[in-house]
Amino acid sequence: MIKRSTMTMLCIASFAATSSTAQTDGAALIARCAQIDDSEGRIACLETAVMALSGTSAPIEASQIAAPPKPASNQEAKPLSDPSVTAVAAGKIASEDSSDTAIAEIADSRLQDEQAEAAEDAIGAEQVEASTRTRAEHLASLKEARNLSVKKFETVGYKQLQVYLENGQVWRQIRGDVQNIRASLDRNPTVDIIESSIGGYRLQLNEMKRTIRVRRVR
């Protein structure tokens, strides 16, 4: 900080020119004084400049007033090689990495929870769907195959009709169906396989206009 007495003595000791020169230098000095941050030093400088402009004392050259020193910062900038600075930077990076890892772990945990909840919701969902479907929707979803060509008919077991199809499938009349049907290729060359709405399958002898309950054996 530039003290008032010091600045005043410096200004007064430098007076040695003519009045006209003093006015010129005084104006330059005022501009120079404006750069002084310290209030006491700035006042002392301005007093000297006024004196120079009024011709009451010798002028001071603006170059003789040194630029006010910049106030030192509370802490000087530390070099990049400072171990403490390096440690702080490394700690910050480590903290950011730990934060990213924590976020990733939370996201993964939430994903696992959502998957577990989805799996729990899926248990028994097909039964709920089946119970809420209308009969028309249920019938529309049944599997069926139409106009399949018959390769041969055969009676097996206790009067059970077994049907061999050209596509390689073999269907047999179930024991619960007690119909005694005598079929032949001449009388019935095609059949339909239709999924039953109460479970299982039905085989329709198209030309004979008969239907039996069957299960597939091959």
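**Burial and layout**

Guide: Buried residues make up 26% of the 218 residues in the chain, where buried means under 20% relative accessible area, exposed over 50% and partly exposed in between (1.4 Å probe, protein chains only). This is a predicted model, in which local features need pLDDT of at least 70, side-chain atom pairs count only at pLDDT 80 or more, and totals for chains, interfaces and linings use all residues. Residues are numbered from 1 along each chain as its sequence is written, and side-chain values use heavy atoms, with hydrogens and water left out.

Visitor: What's the secondary structure of the chain?
Guide: Six helices and six strands; these are DSSP runs numbered from the N terminus, helices being H or I with at least four residues and strands E with at least two.

Visitor: And in what order do the elements run from the N terminus on?
Guide: They go α-α-α-α-α-α-β-β-β-β-β-β.

Visitor: Switching to contacts: what share comes from residues 24 or more positions apart?
Guide: 57% of the contacts with a separation of 6 or more, a contact being heavy atoms within 4.5 Å.

Visitor: Is Asn147 buried or exposed?
Guide: Asn147 has 56% relative accessibility, so it counts as exposed.

Visitor: Where is Lys209 found?
Guide: In the loop between β5 (201-205) and β6 (210-216). Phi of Lys209 is also positive, near 60°.

Visitor: Why does Lys209 count as exposed?
Guide: Because its relative accessibility is 71%.
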